[in-house]
Amino acid sequence: MELLASLSGLSNLGFLSPGLLLALLALPGLWWLLRMTPPPPKREVFPAIRLLSGLPQEEETPARTPWWLLALRLLIAVLIITALAHPVFAPGDRLSNRDGSVILVVDNGWASATGWSDRITTMDALLAEAERQARPVRLVTTAAREDGALPVVGDLMSARELRPVVQALQPRPWQTDRAATLKAMEVLTGEGAAEVFWIADGLEESAPTQNPGGQKAFSGMMSDEFALGLQKTGPVSVLRAPPAHLPRILTVDRAPSSDSKPGQSRFIVRRSAGSGSSEVTLVARDPEGRILDRRIARFAEDEKQVRLALDVPNDIRNKIARIDVDDEKTAAAVLLLDERWRRRSVGLVSGQNVEGDQPLLSSHFYLQKALVPVADTRTGDIDTLLKSPVSVMVLADVGRIVGRDRAQLSRWIDGGGVLVRFAGPRLAESGDDFVPVPLRTGNRVLAGAMTWSTPAALMPFEKSSPFHGLEIPDDVLIRQQVLAEPSANLSDRTWARLEDGTPIVTAEQRGQGWLVLVHATANADWSDLPFSGLFIGMLERLINLAHGVTPAIEGNRALKALEHLDAFGVLQSPLDAGKTLAAGDLVAPGRPPGFYGTDSTRQALNLGSALAAPRAFGPLPLSISDAGLEQQPELDFKPLLLTIATLLLIVDFIISLMMRGLIPGVPGTTARSAARRYTGLVLLVTGLVAVGASVSFAQETDDEFAMAASLDTRLAFIITGNTEVDAMSQAGLTALTEVVRRRTSVEGSSPLGVDPEIDELVFFPLIYWPVIPDMPRLSDVALARVDAYMKSGGTILFDTRDQQFVGVGNILGGATPEQARLRNLLRRLDVPPLIPVPPRHILTRAFYLMQDFPGRWSGGRVWVERHNGGVNDGVSGLVIGGHDWAAAWATDEQGNPLAAVVSEGQGQREKAYRFGINLVMYVLTGNYKADQVHVPALLERLGQ
Amino acid sequence: MTAPDKTRRLRAEHLGSTLLPLMVEAERVAATVAQGVHGRRRTGAGETFWQFRQYQPGDTPNMIDWRQSAKSDRVFIREREWEAAQTVWFWCDRSPSMNYASRKDITSKQDRAILLSLATAALLVRGGEYVSLMDADFSPATGRAALLRLTSELEAESGFRANSLPPSADLPRYADVIWISDFLSPLAEVEARAKTMAAAGIRGTMLQILDPAEVDLPFRGHVRFEGLEGEDGHSVGKANSLRQPYAQRLQSRQTALAELAGRLGWTFLTHQTDKTAQSALMNLYQALSPGRGAAG
């Protein structure tokens, strides 16, 4: 539309190289030439060619270029010639036809960023005019330069020289300084006649001045004053945008308001008066620029400011990095948010199954309740929690931190994370050394059947403790705790003690973060602490240790510049990294808005806080002409014409190809069906799409394993890499599955071999793990998988297959290489305490009643988890023994046993099968057979 | 046998499934006549009773049917019906020019020619006749096995044979020949070959298969035609202007071929590949059926 409008005033159309238009005279020649050169013939295969030869032809050179193709080609030629002649639409005559220089005074403060291209266009038009009149031009900018130097007056230059300077001119993200500009221009008085154009931003200056009262005040030179000052040099024209296009300013609303809620952030958008009603949209973005929230408010007629509240969930609010006024491209319409805005998030990890049988007694419940008012909580395992940043991580009774998690955690602590661990049965039994102070194994029971001592209260917190000042209720008693090994630095690391002086909270600083251990549980098992308000207070203090609060600028230590906002509100890397920010500094020339500090403690400096409410220019003196900006740039038609010519050339090329029948899929014969011509193209596109689609094919292979493993109930065995052992495992489990199918209602499919390094384990109810001495060390990934498998309810049968060497072996004290290897492996896993299978264990009665569990060998002990109360339906995650069961189960295809069993012969093999069946029933059905334990009591009750 | 062969054979058999088994009228007896199952409605060697005839001098006494003669005073001879099978020789043009289809939705001339050959052969075999293929190591045979062999022979070299005329190999006299081609090779050669065969008493049926493009010449504008058998290219300024003279030329060639067939007592049929194979098969069937002598 614009183009059409401009074409209507064709008198303004000029050619920069009109000489080239003479080439149009050559068009008739081109016409003739094109007519003379027929297009090459189509090629047709034709079997009956013998009948054709010698037929009389009516015309000797009948094939002509069709007229429309001729016209198309001539049009291309015309377009190219016209484009080369460089037609330009050039309006504008602002300059009076006088001699003398032209002075361009340009406001290049932040407020000019709106419509900056219009300003450049205006200056360009002025320069073009000055060039036509051959008048020298001088450029004066009113804002200070990057280094903070005051505005200076440029030299006189020809318009041609000045044009690149003007094109490269950028607005600065701070205020103009018109008073200083006027001062600098005093040099010019008396230089002779000059015409002054002030390309104004349209806003009155409001430089902040620090007055003694601490109240912010603003001052600045008024526009009419400045215009009159300019007039000393020559006649002045003010060129500025209409008031509706003046920039708006976004600031934080700190004024208390009756309807504000805690956790709500409020903002004000200000504008200059008299712009009618309009909408304003606030957009909140994360550091990557993705939009998180959007709020719309409306300026009523003549309203100068509007308030908006951002009411978003905490985790979203924590992600907000900047808020800007939509469609407004100035630095004042951007609010950068730093860490002061963030709430800290706390990750909760539990060694127990989260969805345990008694959720209201779990550590999680207590922690969750205590943390909700203080911080955002997330639950998960360590790996997932660390994937997104957390400030604090709470581990409730996690005995061992396994594998990769450990390295990750310690890296995270070094980077400023705060890890709070709570003790519990697991930590007490088999804790690791990832604690602030070395611990004794086992716990100390203060109040119990076997002790004389009474539950202990807390000692008042010492001054050095972060808990100092918290009030200790009388009724908080600790009944059980884990004890620290006495050491030299124990008391330094102790933050809270019991009355008898034993530490109840210890901490150690690691890197920038903290490792804190509470020597009691996070639920009420060991103490009353979780019931009390003190618990919440202590957690709050611990969370405050974490990053998330930007420390105030200490002393005179200035913050280095990290990122700058340019005048358009875009973050840039700082031009001068030496720029610093001291406390209380506002945006000023040379100190642009942006982020200052270090990457971990960033502080945002926003332009809006350094500005007063925007005010449009008042009435200007009558002697000064006041006009709008140039909206219409000089239109250069050359690129447009060349583009059209190129497109037409491509069309011509395609037509030529079609006429020669060279486009694949276009049968050469005739235009019998137009659609068929495009078959080739369609095929090509379809091919490309197909290639794209095939990329996604690769994912399917992984699913195959999962489908095979989960669609049927299968036993699994670990592939050790030893062919003999693996074959035996396979045969053994296959035979066991068959026996189980025959005797019970479990219908299993053939067993699968798995490799914990590669395969996911969670699909299998039972994994048979033959231990061989040269088993490769598991990677962290595999360890995590095994750990997750056991915690999510799977059972692993570790078989050291070495009973013949042990005699009466003990898995914890034995010494065969297999046992050593197994111990090595278990040490890296979070293994609960183990006991030999007790006489009334469900394993002894899950299907058959049996008290020993022979395999190929017999006589050894079989170990299971001790604490299997409510978790995973009481099924032990581990069964450990050395009877080489797989060999006892294994048969060949005819059902003949593969390995001899010692001592009892077939009777023992039958027992081995019975153990296998018991084990399978145990892992599949859980504790329902445990009811038998109560049978005598039930019978007794029935008898009454 | 590969899958396409099989489908083609099944297609061919299906094509003829609606027609009665075809039995070639054997007025003149080919030298290779073998014993067949069809009575020729005349006396001759065979197993089926045909008629009793009174003994005439010259008949050998062992021809006398004593049982019949004992019923009356005369002496009768038992005559049997002449049962013989005719052998039909196929010539299916498999030169490159047959391997042409002007559009994608119609079959090539080659495909149609093979299909028609097989369909006819299938009908003949069902009628108990013997079929054979000229220019191939193929002794006359009948039955399903012959059909299978014929299929694979035709498939083997389709579109790659150099010769577009049947060989002048010595066929047995009075054989039947079905000559399927596009008849686009020079007329004089066709005529010479046909006359040679006719001189040997061979009865022929010529089927000209043409692509619709070869009939209508639908091309327009500046076209350079290129042959399939190494003919010189031929540039035409305005292809549509050639349509009329081309059609005349084709017409005159077909007339010439029809006349030739008439002179030799042969049959000349035409077929376009955009028509159904069924129609062509009907024509062939009628041309070969015994009834044609009476009809024509």
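**View 1. How much of chain B is buried.** Of the 296 residues in chain B of this predicted model, 38% are buried; a residue is buried if 20 or more other C-beta atoms, placed from the backbone, lie within 10 Å of its own. Chain B has nine helices and ten strands. Helices (H or I, at least four residues) and strands (E, at least two) are DSSP runs, numbered from the N terminus. Among the contacts in chain B with a separation of 6 or more, 76% come from residues 24 or more positions apart; two residues are in contact if their C-beta atoms, placed from the backbone, lie within 7 Å. Residues are numbered from 1 along each chain as its sequence is written, and chains are lettered from A and ligands numbered from 1 in the order in which they are written. As this is a predicted model, local features need pLDDT of at least 70 and side-chain atom pairs count only at pLDDT 80 or more, while totals for chains, interfaces and linings use all residues.

**View 2. Strand β10 of chain A and its parallel partners.** Here, β10 (residues 236-239) pairs in the parallel sense with β7 (residues 194-199) of chain A over four bridges. Two strands pair if DSSP finds at least two bridges between them. Look for A:Trp198, whose bridge partner in β10(A) is A:Val238. Strand β10(A) also runs parallel to β32 (residues 625-627) of chain A, joined by three bridges. In that pairing, A:Leu239 stands opposite A:Ala627 of β32(A).

**View 3. A four-strand open sheet in chain A.** The strands follow the order β14-β13-β16-β17, with antiparallel pairing. At the edges are β14 (291-299) and β17 (334-336), each pairing on one side only. From one strand to the next, the twist averages 15°, with angles running from 0 to 180 degrees between N-to-C directions of axes fitted to C-alpha atoms. Within the sheet, β13 (residues 278-285) and β16 (residues 322-325) of chain A are antiparallel and share four bridges. One pair to find is A:Arg285 with its bridge partner in β16(A), A:Arg322.

**View 4. Two helices of chain A crossing.** The axes of α2 (residues 27-36) and α4 (residues 67-84) of chain A come within 10 Å and cross at roughly 145°; helix axes are fitted over the stretch in contact. From α2(A), the contact includes A:Leu30, A:Trp31 and A:Arg35, and from α4(A), the contact includes A:Leu70, A:Arg73 and A:Val78. The residues of this contact divide into eight nonpolar, no polar and two charged. Ala, Val, Leu, Ile, Met, Phe, Trp, Tyr, Cys and Pro count as nonpolar, Asp, Glu, Lys and Arg as charged, and the others, Gly among them, as polar.

Notes: A residue is buried if 20 or more other C-beta atoms lie within 10 Å of its own, exposed if 12 or fewer, and partly exposed in between; C-beta atoms are placed from the backbone.
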